[in-house]
Amino acid sequence: MQHAIVRAFVWAGGLTLLLAIAGGAWLGSTFLRRIDAITRTSRAIMEGDLSARIPVRGTHDEIDQLVTSLNDMLARIQQLLDGLRQVSSDIAHDLRTPLGRLRQHLEDARERAKTTVDYDQATDAAIEEADALLETFSALLRIAQVEAGAHRSAFAPVDFSALVRSIGEAYQPAAEDSRHKLAILVEDGVNLVGDRQLLAQMISNLVENALHHTPEGTTVSLGLRETAAGFEAEVADDGPGIPADEHDKVFDRFYRLDRSRSTAGSGLGLALVKAIAGLHGLSVRLEDRRPGLSVILSGAKDPSLRSG
């Protein structure tokens, strides 16, 4: 009986040891294959293939979760790099025209100006072009600072209702001068935490866009209302509107509906609006009014703030 028990333990121990070795080798090789896949993908990305992704097995284990997070990170990096390339291309394209005009004004002053008045006119035109270029670079800098969160240190409780109403009242004379009607429909008691100056810039950009890009006689409305989930700020008009397939594009840097660039502007106003909205946790969307267009900013209630 003792001999049988010892033999059984020997066989069982040997079989267990063999199974453990086989299982360890299988698990090790599986793990190493997955690590090798991560290594190959990393090398492909370093060689310039930003579209490479690590394969997911669908087992939902810890390595699969890590791979999913890495793929999401790689997708975000690719999106940022694509955006950087696009911005660089847009800057080169949009600044070439004003720089060309600036050079032309200076050439005209050198070759054709005969009197002091001629030189003064050429100088004024060159200064105007230089100011437009500086304004474009300043807008780009503001967008970069906002997207980097550089203004969070200035966050404080803001009476958003009073701010929106004051901006609307400030634009009333400009609306009358351009033969627009500006209606202000603002509910009291909407508060949020943010940068007051940036919030004012955001609303001002929307109102200026509505006044600038709609014909005379158009009614522009500036509204703020509470909703079940929070609040909505809206700048709407009954003008010609924007085609539906252009709604997402108008928030891109330098994107303009006027392809010829014959009207004033740099195409950065709505890009700054989107950046400021994102910094404050607000969502922004466009809606057709048929006729007209509505830009809506939506925000959630902040439980730390109480109205009234």
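This is a predicted model: local features need pLDDT of at least 70, side-chain atom pairs count only at pLDDT 80 or more; totals for chains, interfaces and linings use all residues.
**View 1. Helix α4 meets helix α6.** Welcome to the helix pair: the axes of α4 (residues 160–170) and α6 (residues 196–212) come within 10 Å of each other and cross at roughly 45 degrees. That angle lies between 35 and 65 degrees, so α4 counts as oblique to α6. The crossing of α4 past α6 is right-handed.

**View 2. The residues between α4 and α6.** From α4, the contact draws on Phe160, Leu163, Val164 and Ile167. On the α6 side, Arg196, Leu199, Ala200, Met202, Ile203 and Ser204 take part. Sorted by class, the contact of α4 with α6 comprises eight nonpolar residues, one polar and one charged.

**View 3. A five-stranded open sheet.** Reading across the sheet, the strand order is β2-β4-β5-β7-β6, and the pairing is mixed. The edges belong to β2 (181–186) and β6 (283–288); each has a single partner strand, so one side of each has no neighbour in the sheet. From one strand to the next, the twist averages 15 degrees.

View 4. Strands β5 (residues 230–237) and β7 (residues 293–300) run antiparallel and are joined by eight bridges. Look for Asp237, which stands opposite Leu293 in β7. Helix α4 returns here, packing on the sheet and touching β2, β4 (219–226) and β5. The direction of α4 makes about 170 degrees with that of β2.

Definitions and conventions
Residues are numbered from 1 along each chain as its sequence is written. Side-chain values use heavy atoms; hydrogens and water are left out. Axes are lines fitted to C-alpha atoms, for helices over the stretch in contact, and angles run from 0 to 180 degrees between N-to-C directions. Helices (H or I, at least four residues) and strands (E, at least two) are DSSP runs, numbered from the N terminus. Angles under 35 degrees count as roughly parallel, over 145 as roughly antiparallel, 65 to 115 as roughly perpendicular and the rest as oblique. A crossing is left-handed if the near helix is turned anticlockwise from the far one by less than a right angle, and right-handed if clockwise. Contact means heavy atoms within 4.5 Å. Ala, Val, Leu, Ile, Met, Phe, Trp, Tyr, Cys and Pro count as nonpolar, Asp, Glu, Lys and Arg as charged, and the others, Gly among them, as polar. Two strands pair if DSSP finds at least two bridges between them.
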